[in-house]
Amino acid sequence: MIAKRVTFKRTGLPLALLAPQLAVTGIFFLWPTFVALKQSLYRSDAFGLRQVFTGLENYRALLFHGNYLATLERSGFFAGCVTVLSLAVGLVLAVMADSLGRSGRIWQALLVWPYALAPAVAGVLWAYMFDPAIGPITHALAHIGIDWNHVLNSGEAMTLIVMAAAMKQVAYNFLFYLAALQAIPKSLMEAAALDAAGPVRRLFSLIIPLIAPTTLFLLVVDLTYAFFDTFGLIDSTTYGGPGNSTTIMVYQVYKDGFIDQRFGPAAAQSMILLLLVGALTMVQFTLVERRIDY
Amino acid sequence: MAGIELGSVSKVYQGGVTALKPTTLTIPEGGLTVLVGPSGCGKSTLLRIIAGLEEPTSGTVTIAGRDVTQIEPADRDIAMVFQNYALYPHMSVYDNMAYGLKNRGTARSDIALRVNEAAKMLGIEALLQRKPRALSGGQRQRVAMGRAIVRRPKAFLFDEPLSNLDAKLRGEMRVEIRTLQQRLGVTSVYVTHDQLEAMTMADHLVVMRDGVIVQQGPPGHVYDEPDNVFVAGFLGAPPINLLPGTLAEDGTLHLDCGPHVTLPVHPPLQTGSKVTLGIRAEAIGIAAPAGSLTATVELIEELGPSRLLHLRFGTAKIIAMAPREPALRPGETLAIQLDTAALKLFDPETGRACR
């Protein structure tokens, strides 16, 4: 086997090759993180002219006062719903596409499409379809007696963003689940057929346990997505409303920092998000490395 | 007979590939029938049609007197052992064996009884709580067999069950499967591409090629009386020596490689016809009295109890199986003797045996 490791004689070239990546990481990731961390320890006026060091006061205020805990809870609920919904739908679609065999190819391609849609575009489309005044789906719902108005009804607003957010992950989960299903040896399913296991029993007693490693991986990916990548979607559909009913953590940061100009609390929230994403990433890395294999 | 009956079963895959031409076969009850042939001969397709995993394009499948052609695999009362064992990796050995019974609603106590009985029979009692990944190849093989046994089916189907094992284990498992099958007396169909496995295990041997059964019968008979040159060449190791020649007026055979061989009886062929002479390695003897035929030793392969002599016979190469004595060395020329009773003649055009 050819060694994959390249050995350099001097340090100049490797440093030059690394420089662009290091510069990007430093300027766009590490420096802002450091600034945010510093900011989270200060209290500043709306114009950023005067700063007072307050220690962990911003964090204390978030956790013990105001509505941040409600936001945390709301984010958890939102992320949980998105994850469960997208995993379940992704799995069902994957099982169906897999059972079609070769003729399922076209469905496979179509089902992956939503993943290519930019969140803001997807959000605008969802908002339009469910628009209380002109949305075609709103019209259809009115026919069956449902008076849809996510601009006024907080439950409906949450439902809308959960559906919109889940749709994108369904495509992603579908793809991974399909690959996992196709990796199950065919003879295993044949043995099960001889063992009198019908399709439903096969799904629950064989397929779901066998693809558990994929599910664990997707769980982390979906949670990360729901917590952090849904800003564009919310900002193009509900703007966090009505009231605060769809204001999840990332959106709260934006509201506090950019709209209300409360830099300290916003920075502190960013740090909390950073910890969360760090924790999820750690879980993901350990999962990927310690893949449960049979 | 209440074994398995196949009534002109055929299989044509989508895209027009014919895996199995219309085939009629009776698999005797209680015996072990081996389907043997090179890969792509349709033996596995035939087995999968019996199992119901493959739907025949035409024909009927009858198991123990019941037409099962339209019946689901689970309801055919058969059990199958797969080539890669197909054990459920997340279940313990016990659960692997119990799964089919559970799905059929067998009482829990009855399941325990049957699984323990089968485990004892196979010597895997100590492994019942292990997961398949913690087992060796031979142990996995036993579990796969256990899963079949606990079902107490009308028939066992084996799809190349030993091909993933090393040679030593394969020999052991061969004997074990045979012993078990005889003890249980369940009709069994065994698919293999290994002629040794086929010869040693079969009660009834079915040789297949290109989707057609070319010959069937007791293994000894098929070996001794091959219907055609393919069967003669496929069975036996080392392979049979095939020498083309022409039938002369005096009843002798003039081989293309030079020597003339005297045939015991005049074959039912016209003088001057082309024939292929088939002679097995063990039918070539080193003649004590100098015979009329000679050959030169090129290579000697020691087998232990006997040895294989690679000989130059005229311009052809042949292999003879000979005892260890006398001492020989490459380059030596010997007188050889052909066991005239064991000479086979085949039509070189059709490959059929001339009898």
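Predicted model: local features only at pLDDT ≥ 70, side-chain atom pairs only at ≥ 80, totals over all residues.
**The whole structure**

Start with everything displayed. Over all chains, a search finds 14 salt bridges. Side chains of opposite charge can pair when their charged atoms come close. The stops below visit some of these pairs.

**Stop 1: Glu160(B) and Lys43(B)**

Select Glu160(B) and Lys43(B). They form a salt bridge, with 3.8 Å between the closest N and O atoms. The two residues lie 117 residues apart and link distant parts of the chain. Look for Lys43(B) in helix α1 of chain B, residues 43–51. Glu160(B) sits in the loop between β7 (155–159) and α5 (167–184) of chain B.

Are these two residues buried or exposed? Glu160(B) has a relative accessible area of 10%, so it counts as buried. Lys43(B) is also buried, at 4% relative accessibility.

**Stop 2: Asp95(B) and Lys102(B)**

Next, select Asp95(B) and Lys102(B). Their side chains meet in a salt bridge of 3.3 Å, N to O. Asp95(B) is partly exposed, with a relative accessible area of 27%. Lys102(B) is partly exposed too, and its value is 43%.

**Stop 3: Lys317(B) and Glu298(B)**

Now select Lys317(B) and Glu298(B). This salt bridge has its closest N and O atoms 3.9 Å apart. The pair connects distant parts of the chain, 19 residues apart: Lys317(B) belongs to strand β18 (residues 316–323), and Glu298(B) belongs to strand β16 (residues 293–302). Lys317(B) is exposed, at 59% relative accessibility, because exposed means over 50%. Glu298(B), at 34%, is partly exposed.

**Stop 4: where chain B meets chain A**

Show both chains and select the residues in contact. Chain B gives 22 residues to the contact and chain A gives 19. Together the chains bury about 1800 Å², with 62% of that on carbon and sulfur atoms.

How many salt bridges cross the interface of chain B and chain A? The rule finds two. In one salt bridge, Glu190(A) pairs with Arg48(B), and the closest N and O atoms are 2.6 Å apart.

On the side of chain B that touches chain A, α1, β6 (78–81) and α2 (93–103) each supply at least two residues. α2(B) gives the most, with three residues. By class, this side of chain B has 13 nonpolar, four polar and five charged residues.

How values were computed: Residues numbered from 1 in each chain as written. Chains lettered and ligands numbered in written order. Heavy atoms only, no water. Salt bridge = Lys/Arg side-chain N within 4 Å of Asp/Glu carboxyl O. Helix = DSSP H or I, 4+ residues; strand = E, 2+ residues; numbered from the N terminus. Buried < 20%, exposed > 50% of the residue type's maximum accessible area, 1.4 Å probe, protein only. Contact = heavy atoms within 4.5 Å. Buried area = accessible area lost by both parts, 1.4 Å probe. Nonpolar A, V, L, I, M, F, W, Y, C, P; charged D, E, K, R; others polar.
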